[in-house]
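This briefing covers a complex of protein and DNA chains.

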2 protein chains.
Amino acid sequence: MTTATTPFRVPPPPPGDVPEPLPEPARDEIRLEAVMAALSDPLRLGVVRKLLLEAEEYDHTCTWFGLDRPKSSLTHHFRALREAGLIRQRQYGLSRRNQVRVDDLEARFPGLLRLIADWQPPRA
Amino acid sequence: MTTATTPFRVPPPPPGDVPEPLPEPARDEIRLEAVMAALSDPLRLGVVRKLLLEAEEYDHTCTWFGLDRPKSSLTHHFRALREAGLIRQRQYGLSRRNQVRVDDLEARFPGLLRLIADWQPPRA
DNA sequence: CTGCTAGTACGAGAGAAGTCGTACCACTGC
DNA sequence: GCAGTGGTACGACTTCTCTCGTACTAGCAG
């Protein structure tokens, strides 16, 4: 149940045009130390984990995550994830939708996503 | 070639008494986000990688790594690695020797050490 | 045009982390 | 005793990061 070719869901594209992704590092430019830094924050770790485990639609807006933080904080964290190469963001009209770069990360750092998916958030 | 029980070398203990490890988190207390934070620094990532790939003796002093930094900086980084649960440090007389906690990390975060060992430092 | 929505950018403040010098300590060899 | 070694602790400084408020924008509904 864990190790098919890609155990994580990559939701199908939605109907209609698919916008270009926002600027992001190419697969070969993703740096392990940057990925580690992005994942050192529990909020961001939780975001990626939730996307891996619960992604239902093609991708999800920032508010879907139910994070109790001001919008500017969310912008900060999602950008950190995107610039590290962990998520892809596309602009659909008003909303910006997020998706884990499953193929790129599995190719570059095999096993990493499994660690994230298995992470247990600290009970605060 | 990658997934024997433990593909990474755990050097045998040296002759004589083995000192107690310096304070460190128990296996179950190692937090993924803390591990990620410790590995977000290229110097520390390189230290763990070098230990994984080149460890010959039981373990190695801080100077074995050939890092061109003042001693106080090295103390700082090695403590960060120890407190995150990545390395074990034992005091042998004068020198403090370092060892990756291979079993604990492999049990807790399987595949993580492989990622570190495969890391390519940025050509500065 | 008037909202409302889902975001952005900017900037300020607080705290954490990296950098390092200095002083110090314990042990070894002479 | 004295010098050298392999470290530590402390403190200062700087830089980064997280936090958030505020102001703003683009697009949609009416």
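The points below are grouped by topic.

The model is predicted: local features need pLDDT of at least 70, side-chain atom pairs count only at pLDDT 80 or more, and totals for chains, interfaces and linings use all residues. Residues are numbered from 1 along each chain as its sequence is written, while chains are lettered from A and ligands numbered from 1 in the order in which they are written.

**Fold of chain A**

- Chain A has 5 helices and 3 strands, where helices (H or I, at least four residues) and strands (E, at least two) are DSSP runs numbered from the N terminus.
- Read from the N terminus, the order of elements in chain A is α-α-β-α-β-β-α-α.
- Chain A has 124 residues, of which 25% count as buried; buried stands for 20 or more other C-beta atoms within 10 Å of the residue's own, exposed for 12 or fewer, and partly exposed for values in between, with C-beta atoms placed from the backbone.
- Of the contacts in chain A between residues at least 6 apart in sequence, 74% join residues at least 24 apart; a contact requires C-beta atoms, placed from the backbone, within 7 Å.

**Chain A against chain B**

- In this interface, 14 residues of chain A are in contact with 14 residues of chain B.
- Helices H1 (32-39), H2 (42-54) and H5 (112-117) of chain A each give two or more residues to the side that touches chain B.
- H1(A) supplies the largest share of that side, 5 residues.
- The side of chain A that touches chain B has 10 nonpolar, 2 polar and 2 charged residues; Ala, Val, Leu, Ile, Met, Phe, Trp, Tyr, Cys and Pro count as nonpolar, Asp, Glu, Lys and Arg as charged, and the others, Gly among them, as polar.

**DNA surfaces**

- DNA strand C is surrounded by 20 residues, and the closest are Thr61(A), Ser72(A), Thr75(A), Ser95(A) and Ser72(B); a residue is near a strand if its C-beta atom, placed from the backbone, lies within 6 Å of it.
- H3 and strand E3 (95-100) of chain A, together with H3 of chain B, each give two or more residues to the surface near DNA strand C.
- Around DNA strand D there are 20 residues, of which Ser72(A), Thr61(B), Ser72(B), Thr75(B) and Ser95(B) come nearest.
- H3(A) gives the largest share of the surface near DNA strand D, 4 residues.

**Arg96(A)**

- Arg96(A) lies in strand E3 of chain A and counts as partly exposed because it has 18 C-beta neighbours inside 10 Å.
- Beyond its neighbours within four places in sequence, Arg96(A) is in contact with Thr61(A), Cys62(A), Gln89(A) and Gln91(A).

Definitions and conventions. Contact = placed C-beta atoms within 7 Å.
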